[in-house]
Amino acid sequence: IIVAIIIILMFVVIPSVMDAEEITLIIIKADLVNTSVNTLSKIDVDWTYKDLMRNIDDYKMKIIFVEGRIFNSQPDMNNVAMCMNETNTNCDVIFIWTKTNYLVDDYVKGYVSPLLLSENVKGDFLPYTVAVNMKCTNC
């Protein structure tokens with residue numbers, strides 16, 4: 001029943017009405033937040049950054065593993081920006097909605113659920129996700 005509700009919300013309600021906090025409540029109700037890392041590692045899906053950017057709808061409300069450095073934190077909005085696959089000149093950026101107050105230069109890894117592509121201040125569209133189970137590795 002919960003899976004059916006999530007599927008209905010994902011295709012009907014989420015794109016037009018729901019915000020990240022409401023979606024997080026759905027994830028909590030689906031008991032994903034209390035799911036063990038071991039279980040999450042069994043249900044996460046393989047993904048690449050380019051495929052996520054091209055086909056975000058294929059990943060909506062699924063679980064993916066991410067790892068990287070926080071380079072922007074907005075605790076008043078429950079948002080962080082993570083840099084993954086970082087080189088000297090580039091990185092893959094995702095936004096994460098989280099209730100945890102991560103700081104700039106925290107290294108974080110764990111599981112998120114992609115929701116949509118969100119426009120940043122530069123006009124670029126980047127993946128926006130909700131934290132399901134995240135841990136700071138250098139805090």
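Buried residues, meaning those under 20% relative accessible area with a 1.4 Å probe and protein chains only, make up 42% of the 139 residues in the chain. This is a predicted model, in which local features need pLDDT of at least 70 and side-chain atom pairs count only at pLDDT 80 or more, while totals for chains, interfaces and linings use all residues. Residues are numbered from 1 along each chain as its sequence is written, and side-chain values use heavy atoms, with hydrogens and water left out.

**Overall layout**

- The chain holds four helices and five strands; helices (H or I, at least four residues) and strands (E, at least two) are DSSP runs, numbered from the N terminus.
- Contact means heavy atoms within 4.5 Å, and among contacts between residues at least 6 apart in sequence, 56% join residues at least 24 apart.

**The barrel**

- The five strands close into a barrel in the order β1-β2-β3-β5-β4, with mixed pairing; two strands pair if DSSP finds at least two bridges between them.
- From one strand to the next, the twist averages 50°, where axes are lines fitted to C-alpha atoms (for helices, over the stretch in contact) and angles run from 0 to 180 degrees between N-to-C directions.
- β2 and β3 are antiparallel partners, linked by six bridges; one of the pairs sets M82 against I94 in β3.
- β3 and β5 run parallel and are joined by three bridges.
- β4 and β5 pair in the antiparallel sense over eleven bridges, and S113 stands opposite V130 in β5.
- β4 and β5 also form a hairpin with five residues between them, and G123 in the turn has a positive phi of about 90°.

**Covered strands**

- β3 is mostly covered, with six of its six residues buried.
- In a regular strand the side chains alternate between the two faces of the sheet.
- Both faces of β3 are covered: D92, I94 and I96 are buried on one side, and V93, F95 and W97 are buried on the other.
- β5 is largely enclosed by the rest of the structure, because nine of its twelve residues are buried.

**The largest pocket**

- A search on a 1 Å grid over the protein atoms alone separates two kinds of space: a cavity is a set of points where a 1.4 Å probe fits but cannot get out, and a pocket is an open set with protein on both sides within 12 Å along at least five of seven lines.
- The largest pocket holds about 400 Å³ of space; grid points are joined across faces, edges and corners, and a volume is the space filled by probe spheres set on the points.
- Of the 18 residues that line the largest pocket, A81, F95, N120, V121 and L126 are the closest to its centre; lining residues have an atom within 4 Å of a point.
- β1 (64-74), β2 (79-84), β3 (92-97), β4 (107-119) and β5 (125-136) each supply at least two residues of this lining, and β1 gives the largest share, four residues.
- The lining divides into nine nonpolar, six polar and three charged residues; Ala, Val, Leu, Ile, Met, Phe, Trp, Tyr, Cys and Pro count as nonpolar, Asp, Glu, Lys and Arg as charged, and the others, Gly among them, as polar.

**Residues to look up**

- N133 is found in strand β5 and counts as buried at 13% relative accessibility.
- N133 is the bridge partner of Y111, and, not counting residues up to four places away in sequence, N133 touches T35, V37, L40, K109, G110 and Y111.
- L103 sits in the loop between β3 and β4, where, leaving aside its neighbours within four places in sequence, L103 is in contact with I70 and S73.
- L103 and I70 are 33 residues apart in sequence and 6.7 Å apart in space, C-alpha to C-alpha.
- R54 lies in helix α4 (residues 49-54) and counts as exposed at 64% relative accessibility, exposed being over 50% and partly exposed in between.
- R54 and L117 are 63 residues apart along the chain, and their C-alpha atoms are separated by 9.6 Å.
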